[in-house]
Amino acid sequence: QVQLVESGGGLVQYGGSLTLSCAASGSIFSINNMGWYRQAPGKQRELVAMINSGGSTNYADSVKGRFTISRDDTKNTSSLQMNNLKPEDTAAYYCYAQIRQVIEIESYPYWGQGTQVTVSL
């Protein structure tokens, strides 16, 4: 069974930095897209950043220039470096990955359990 486990959330002051990490484990054959979504109270879950297997990235306009997504395919991990954090970045952040298991032909989406990021003034 595939699992995604996030780490690195917490409380940070306005303008501060945090790095979120996501580790995928299980019988993984390959990982296509890896990404991060976030959901603030009362709002829909939104895409923050995505990176494909070739290393191409895509960011929400609200985080461009402040957040950087990366991946390490040797460790099946992704990271989200968040700089110049603002109170509007406060949300639960979820790791996402499209994973093909060893026993599967297709890739399927998997989600982490979420990690809270709170930015104070």
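What follows is a short chat about this chain.

Guide: This is a predicted model, where local features need pLDDT of at least 70, side-chain atom pairs count only at pLDDT 80 or more, and totals for chains, interfaces and linings use all residues. Residues are numbered from 1 along each chain as its sequence is written, and side-chain values use heavy atoms, with hydrogens and water left out.

Visitor: How many helices and strands does the chain have?

Guide: Zero helices and eleven strands. Both are DSSP runs, numbered from the N terminus: helices are H or I with at least four residues, strands are E with at least two.

Visitor: What share of the residues is buried?

Guide: Of the 121 residues, 40% are buried. Buried means under 20% relative accessible area, with a 1.4 Å probe and protein chains only.

Visitor: Switching topic. Which strand does strand 7 pair with over six bridges?

Guide: Strand 8, residues 77-82, in the antiparallel sense. Two strands pair if DSSP finds at least two bridges between them. Ser70 has Ser79 of strand 8 as its bridge partner.

Visitor: And what sits between the two strands?

Guide: Four residues separate the strands of this hairpin. Asn76 takes a positive phi there, near 55°.

Visitor: Which residues of strand 7 are on its covered face?

Guide: Phe67, Ile69 and Arg71. Thr68, Ser70 and Asp72 form the uncovered face.

Visitor: Last one. How big is the box around the C-alpha atoms?

Guide: Roughly 50 × 25 × 25 Å, taken along the principal axes.

Notes
Buried means under 20% relative accessible area, exposed over 50%, partly exposed in between (1.4 Å probe, protein chains only).
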